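Please look over the model shown here. The briefing below walks through its main features, topic by topic.

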Amino acid sequence: MFTIKFKIILAYTTVFGVMFTIFAAIIYNSTKDASFMKLDANLKSYSISLQTEIEELDDHVPIDYKKLSSIREDGLSGEKFQLFRSNGEILIKDSILSKIPKENVNRVFNNSFIYENRKVGRRRYHVLWNSFETANESEYILETAASVKDVHEELDRLFYLFLFIIPAGLIVTGIAAYFISKAAFKPVAKMANTARNISGENLDRRLEIPKAKDEVRALSETLNEMIERIDNAFKSQKRFIANASHEIRTPLTVIQTELEIVEKKIKNNELKEGIKNALSETEKLTKLTSSLLTIAKLDTYKAKLDLSQIRIDELLAECAQTMNPTAIKKNIRIALSLNDAVEMKADKEKLKSIFLNLIDNAIKYSKPDSRITIVLEKSSGNKINISVEDTGIGISPSEIPYIFNRFYRSDEIRAEITGSGLGLAIAKEIVDLHRGEIKVTSKIDVGTLFTVVLPTDIS
Ligand code: ADP
């Protein structure tokens, strides 16, 4: 595809090319006409000089050829002449001109001057025929000619000059068009760059409005209005999610508590099973709403971290303990390797939600009777690495780039294992807020290793 810049350069060069060519053709033809007019005038003047001499010598037939030969005319080169009687009889013959057919001998009586271009051998001549009558009523036809070599040489020079000037002019035009269009599109390129960096996460950004009141300014303003509308739509959507999940949470907690009481009291086994199922579904709903609420809060109060001095080793042990009952249900053992006591500044609740989610995933995506390993270790540059490793189903390489996107869930497990696709997205956002990094390596049917790298000093 051709870019607009390329099309402008092409259009400029074509227009200038056509203009240059027309201009060159006009100059060439005018020079040619002017040169031939000058040649006509010189030839006529030469012819009249000869005529005057012939009229004077008319009494002394045969006319003295040598006397006539000495007549010269400025501005002519290689001039020649022949003299005929009116009946076509040749009186003075020129070796070269005699090769030209004499058809003008008769025509010249009706038109006193006839000009034409003739080629004799490889040479070109401009020829003038004219008839005249002398005082003693003798009628003569005079044929004069001059070489057009000089004229053609001058025209050739002009032609070759244009042959050089036109392409050179086109190159200069092309370069000028390139720089002009580059300057004209610079604000557009800048706009495109800014627009490219605007995503759902930074919709508060706006395009720079150029000072000049031109089309680019109108475009930037229109785009900014559009971003504003999208931003508002996003904000109201996030507000709705935050409000809805907040409103849903309270009735869900009530339902869950009531169901738990009923489950304990009820004796009928069939009913008990039904209540258990209802409880498990309510738990899933509670998890989903709490994830939605977390994400809505992250969007709204993004920059805010509730920092405090924490013991990360203790936090990890607490998370492992919280998840242990879930692991035991699948006969999965959680192994902890927390050698050192590590203190750091962080948002405890937010970090807790990350590790709970990573351990929950490790349990969810592992086969029963397996093992999950949680390792905490210090790394260089005041950083710590926390890894959660399982020997579960693994993640295919094609899916790895997407697992941190909101609501992304792999198609194969969607039907079998419940989840919202929000856990890792939340984890990444929280890790980013702590200026850390979350990495994953995985192999299908071998296992997955998530590593969270956090700075111990975030302030
Ligand atoms: P979900 O609620 O689906 O678990 P997450 O955001 O926590 O959402 O994870 C996104 C996707 O990443 C999951 O649907 C799953 O396909 C994959 N995934 C996450 N953790 C693991 C793991 N430990 N083993 C295999 N796949 C995983």
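What follows covers the layout of the chain, the ligand site and the salt bridges.

This is a predicted model: local features need pLDDT of at least 70, side-chain atom pairs count only at pLDDT 80 or more, and totals for chains, interfaces and linings use all residues. Residues are numbered from 1 along each chain as its sequence is written, and side-chain values use heavy atoms, with hydrogens and water left out.

**Overall layout**

- The protein is divided into domain 1 (4-155), domain 2 (215-299) and domain 3 (305-455). These bounds come from an automatic or database domain assignment.
- The centres of domain 1 and domain 3, taken over C-alpha atoms, are 102 Å apart.
- Phe 113 and Lys 329 are 216 residues apart along the chain, and 123 Å separate their C-alpha atoms.
- Phe 113 is found in strand 3 (residues 113-120). Helices (H or I, at least four residues) and strands (E, at least two) are DSSP runs, numbered from the N terminus.
- Phe 113 counts as partly exposed, because its relative accessibility is 25%. Buried means under 20% relative accessible area, exposed means over 50%, and partly exposed lies in between (1.4 Å probe, protein chains only).

**The ligand site**

- The ligand is surrounded by 20 residues. A residue counts as near if one of its heavy atoms lies within 4 Å of the molecule.
- The closest are Asn 361, Tyr 365, Asp 390, Arg 409 and Leu 424.
- By class, the shell has eight nonpolar, nine polar and three charged residues. Here Ala, Val, Leu, Ile, Met, Phe, Trp, Tyr, Cys and Pro count as nonpolar, Asp, Glu, Lys and Arg as charged, and the others, Gly among them, as polar.
- Helix 8 (348-364), helix 10 (423-433) and strand 12 (447-455) each supply at least two residues of this shell. Helix 8 gives the most, with three residues.
- Asn 361 has a polar side-chain atom 2.8 Å from an oxygen atom of the ligand. Tyr 365 also places a polar side-chain atom 2.8 Å from an oxygen atom of the ligand.
- An N or O atom in the side chain of Thr 448 is 3.5 Å from a nitrogen atom of the ligand.
- On its own, the ligand has 530 Å² of accessible area, and the protein covers 97% of this. Such areas come from the Shrake-Rupley method with a 1.4 Å probe.

**Salt bridges**

- Side chains of opposite charge can pair when their charged atoms come close.
- The structure holds 15 salt bridges. A salt bridge is a side-chain nitrogen of Lys or Arg within 4 Å of a carboxyl oxygen of Asp or Glu.
- Glu 116 forms one with Arg 118, with the closest N and O atoms 2.5 Å apart. Both Glu 116 and Arg 118 are buried.
- Arg 85 pairs with Glu 89 in a salt bridge, with the closest N and O atoms 3.6 Å apart. Arg 85 is partly exposed, because its relative accessible area is 26%. Glu 89 is also partly exposed, at 41%.
- Asp 432 forms a salt bridge with Lys 428, the closest N and O atoms lying 3.2 Å apart. Both lie in helix 10, four residues apart, which is about one turn of the helix.
- Asp 432 is partly exposed, at 39% relative accessibility. Lys 428 is partly exposed too, with a relative accessible area of 31%.

Definitions and conventions: Polar contact = N/O pair within 3.5 Å; in protein donor to acceptor, adjacent residues only side chain to side chain.
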